[in-house]
Amino acid sequence: ICELKNLVELNLSGNKFDGSLPQCLSNLTYLRVLNLSSNQLSGSLPISVFANLTSLEYLSLSDKKFQGSFSLSVLANHSRLEHCNISGTIASFLQYQYDLRYIDLSHNNLAGTIPTWLLQNNTKLEILFLFNNFLTGRLHLPDSKRDLLHLVISNNNFIGTLPDNFGVILPELVYLDMSQNSFVGSIPPSTGYMERLLFLDLSSNNFSGELPKQFLTGCVSLEFMNLSHNLFVGQIFPKYMNLTQLAWLYLSDNQFTGRLEEGLLNAPSLYILDVSNNMLSGQLPHWAGNFSNLDVLLMSRNSLEGDVSVPLSNLQVTRILDISGNKLYGPLEFSSNHSSLRHLFLHNNSLNGNIPHLINEDSNLRALLLRGNNLQGNIPEPLCHLRKLSIVDISCNNLNGSIPSCFTNISLWMEESDSFNGFVIWHGILLDASGRRLSRIKSTSRNKFMAKNRYESYKGDVLNYMTGLDLSSNELTGDIPSEIGLLQELHALNLSHNHFSGSIPRSFSILKMIESMDLSYNELSGRIPLELSELNYLAIFNVSYNDLLGPVPNSRQFANFDENNYRGNPLLCGPPVLKNCSSDLPPPLPTTPAEEDEPAIDKVAFNWSFAASYVAVILGLMAILLLNSYWRRQWFLLVDACIDSSCFYFLYKLAFYRR
């Protein structure tokens, strides 16, 4: 190659060349374009090579395996250079360039401030990429208007406020990303002059104040806006809002207040709306059903209130609907508009009534979170027809009846599933549902599900791989269906704080993927099946406060469990509960499938012995109170305190419901 001395363009990018650059490249003095990026080249960059290539107009050397330092001053005489993508520092050589149009120094370890002359001298600069570095200080602009189109300085350490004349100096901006810095203050009203702006990301800073009217009316071309994770205040979506092209809008994790006004109706192409974790109030807006292209609607963790039934039936959300953590009430109602919905999060509200017959058998619903409401009645069998479900959480309600045995119809709990890609493409940029650019495909439905005795936050593709069933803290009764054990792909199962009776199904040993199993605070009896020790992924196992007896499994995963996993079962024995099993304890009788769930102890004898012990304790307490005046006086003071603080209700629930 070095002998091709008249070569004008050399593009070897996107291959697998390795080794170091040959010194003889310096012979190609007519070279205008040199692109060696995205290979496996290594070693130091030969300074003499680039010093001789003074005809270069385009230079790209971005490769993560280059080592050593490279002084950009070797390019000081390259007056024709227009595009420079190279590892290094913002050196003074750029001060002598007056024809640069493209600068990309991102993904390096650049530190210090941006020199004021970078934009001052390069008057023809159109694209400046400095993201993912360690740059600090304030952002300084040139004295006069520039035609910069793309400015990306995200993921640095910039501080201070934006210049008041920001929109006056840079009115031609099309793409602006200043996210993940430490900027403060409000958005300058002059941003309203940026009529060509399509993409704006100011997320993860410390911006504050209200959104200026000039900004909401002047940026008429804006399609993507991300202001999440800041300190913005005030009311959003005023009627004068004129962002007619807006499709992606992220305002989560701020301090916006008040009702949701109708200004957003001026953006009929809205695709994603995220206003979660603010202080919004008022009713769920009726106009939310007017967006025919709405794919994601996130309004969780606000103070929205009112009857949810009518707004829900009007919504036409395609993929994700999350209005959890509000003050919504009323029965749930759905229409055929929701057949394409994939994630439905309505938890932590005050919804009542029965769980509706959700949509139809063609539903694409993947995750259903209804916990923490006032839902009543039985678990409807049509729930089993939602064959694509992966996560169901209807805990902390007032549901009664038994568990339907038809959950085996849910295919994702029975067989290994493929994830779906929850991403969108905007002008050639891969984005997730939170508005982040992606280097790989992932989805960003995000929410929490009880697993491993704590609420885990799942987002991205994890939400599609995670499978779980949480029916805890209800009034469910009856035996646990043995069919639950056939759900081989289930990762988390929580049936605690109910009134289930019978034995633990031996079929639970088929739950090969289970990681968390909580059966505590029920009325289960019999032995713990020793076959459960075959569950190799089991990390959490809790059967506390039941009526179980016999030896506790103590091999494989169960060797990690101790007495905290078995509390309130006095008839259990074995090393984990620090109690020896009697040698004359009769071995378990072989059982048939019909007998599998029958209790293994004499309940009548156990109840009589318990009653006798209870009476003995009461009589002993009464004797102490009669003989000791001090303790009698303390007892009556305690009773008075309990009555005054509603402690009686707590003791009643503790004694009779153990919830």
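Here, buried means under 20% relative accessible area, and the model in these close-ups is a predicted one.

**View A. Arg371 pairs up with Asp393.** The salt bridge between Arg371 and Asp393 has its closest N and O atoms 3.1 Å apart. Arg371 sits in the loop between strands S29 (367-369) and S30 (374-377), and Asp393 belongs to strand S31 (residues 391-393), so the contact ties together parts 22 residues apart in sequence. At 6% relative accessibility, Arg371 falls under the 20% cut-off and so counts as buried. Asp393 is buried too, at 0%.

**View B. Arg319 meets Asp295.** Here the N to O distance of the salt bridge is 2.7 Å. Arg319 comes from the loop between helix H5 (309-314) and strand S25 (320-322), Asp295 from the loop between strands S22 (279-280) and S23 (296-298), so this pair links parts 24 residues apart in sequence. Arg319 is buried at 6%, and Asp295 is buried at 5%.

**View C. Glu172 and Arg196 form a salt bridge.** Their closest N and O atoms are 2.9 Å apart. Glu172 is partly exposed at 21% relative accessibility, as is Arg196 at 43%.

**View D. Inside the largest nonpolar core.** This core has 141 residues, and Phe237, Leu264, Phe407, Phe508, Phe541 and Tyr566 touch the most other members. Helix H2 (117-121) is among the elements giving two or more residues to the core, and H2 supplies the largest share, three residues. Zooming in on Phe541, its contacts beyond four places in sequence include Met517, Ile528, Phe558 and Tyr566. A separate core of 20 residues has Val152 and Tyr250 among its members.

Methods:
Residues are numbered from 1 along each chain as its sequence is written. This is a predicted model: local features need pLDDT of at least 70, side-chain atom pairs count only at pLDDT 80 or more; totals for chains, interfaces and linings use all residues. Side-chain values use heavy atoms; hydrogens and water are left out. A nonpolar core is a set of buried Ala, Val, Leu, Ile, Met, Phe, Trp, Tyr and Cys residues joined through side-chain atoms within 4.5 Å. Buried means under 20% relative accessible area, exposed over 50%, partly exposed in between (1.4 Å probe, protein chains only). Helices (H or I, at least four residues) and strands (E, at least two) are DSSP runs, numbered from the N terminus. Contact means heavy atoms within 4.5 Å. A salt bridge is a side-chain nitrogen of Lys or Arg within 4 Å of a carboxyl oxygen of Asp or Glu.
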